[in-house]
Amino acid sequence: MTTAQAGQGRAQGEGQGVARTLGELLQIPEYAGRAPFDGRVRLVQDEVRDNLTRKLRSGEELFPGVVGYDDTVIPQLVNALLARQNFILLGLRGQAKSRILRAITELLDPVVPVIDGVDMPDDPLNPVGAEGRHLLEERGLDLPIRWLPRAERYVEKLATPDVTVADLIGDVDPIKAARLGTSLGDTRSMHFGLLPRANRGIFAVNELADLAPKVQVALFNILQEGDVQIKGYPIRLELDVMLVFSANPEDYTARGKIVTPLKDRIGSEIRTHYPTDVRLGMSITAQEAVKDAAVVVPDFIAELVEEIAFQAREDGRVDKLSGVSQRLPISLMEVAAANAERRSLVSGDVPVVRVSDVYAGLPAITGKMELEYEGELKGADNVAKDVIRKAAGAVYARNYGSADTKALEKWFDAGNVFRFPQGGDSAAALEAAQEVPNLPELAAVVANSSDDAVHAAAAEFVLEGLYGRKKLSRAEELYAAPEPELKRERGGRWN
């Protein structure tokens, strides 16, 4: 049994020998032979490295829920942790940066002992804070301790321009100084900020570039030199903290808001990225999207939802520096599934997500895209609809591009139009689809299912896919022959 496991059992009240004082702590085998101020300090970086090494040897999953980074981000991250480095994750929004930072807490011991009754978590044998040292000298083996779980050893701060040194490091508290009878320059007179309260743990700063320069200077100064000036008083704190950051690469490199000395002191710069493959993105969306278990999402619809994010990232009307978050397909899937559920509740039909449900999810798309000037002129809704069209065409071409649709196209070219039924009765929708030559057969291939509701969704997807390939035109739910300008564009990549 490890020290952490022994401590965890005691912290959970298992058995009678609960270590609540330093003397009782020294009765635990792992602490036997230790003495106050013995200098045997196990830093947070060493703790993370030890647990990471154990997991690597045993083949355990390091960062559950982080998909698509196995060959890129995770190896670099593991190297930084093995090297005991602080690091920064650079990436656009929605690239799992915060999730990765929080997942590092799983590399900490389950619990560790700290001095009870002090603001700053401190090692009961080798405290770094003046208050902890004073208590240890005064109380000796009667020093009260408590067990700190790993979840409480992670402190996160979203950086904003109004964050001050007092917020992160602390401030002089005159009332506390008067009560303790100390000078204002004594650390015991301080009201600690977030960073000292993260002692013996991990301190994460999201969007680092948004911190004011003087705050950044105080941040690296307290970490590297262990001292900082607060209201003219030199304060010394030799903190044991693992510091991790995240930032947008545009802020970090182009705007130059991160001060050079701080950049120089960050051990590794690790760049995150969006999923490189639609299938990977589908896995992330399926993992994160919350929907009713009864709602069925056919594979071709799931692929369409994910392709929308990929198309948006390539669209010239969307700001590439802002990026298109992975939250777009997640939110879109949730709204589309909710619309299918609503239709099912009204009609009593099986809740299967269709293309029309994807269009109903426009609010989940428009709020996730920052548009360039050209996109603003066209309007967010119109850009989103165009992205859906392109995505449908891409998914159809990738999977069913070789299908023979000449009879169907000829029927539309003859001047016929078809409005896909939007009610929940899938049997009625399939019956209406019989009107369009070859559509039921194409839908059967796409659906790959005996369920009528899935067949109806497949039939609508076929029409949308042909519209996306510019072989049909579309006005709301009405499909027709392509406009003359679309006919001229059928050549090249669309055929």
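K406 and K410 are exposed on one side of helix 20, where exposed means over 50% relative accessible area, buried under 20% and partly exposed in between, with a 1.4 Å probe and protein chains only. This is a predicted model, in which local features need pLDDT of at least 70, side-chain atom pairs count only at pLDDT 80 or more, and totals for chains, interfaces and linings use all residues. Residues are numbered from 1 along each chain as its sequence is written, and side-chain values use heavy atoms, with hydrogens and water left out.

Within helix 20, which runs over residues 406-413, the buried residues are L408, E409, W411 and F412. These lie on the same side of helix 20 because they cover an arc of only 155° around the axis, the arc being that of the directions from the helix axis to the C-beta atoms. Helices (H or I, at least four residues) and strands (E, at least two) are DSSP runs numbered from the N terminus.

The cover over the buried residues of helix 20 includes the elements below.

| Element | Residues |
|---|---|
| strand 12 | 418-419 |
| helix 22 | 439-447 |
| helix 23 | 452-468 |
| strand 14 | 478-480 |

Contact here means heavy atoms within 4.5 Å. After helix 20 comes G415, with a positive phi near 105°.

Turning to the whole chain, 52% of its 495 residues count as buried, and its C-alpha trace spans about 95 × 50 × 40 Å along the principal axes. Among contacts with a separation of 6 or more, 73% are between residues 24 or more positions apart.
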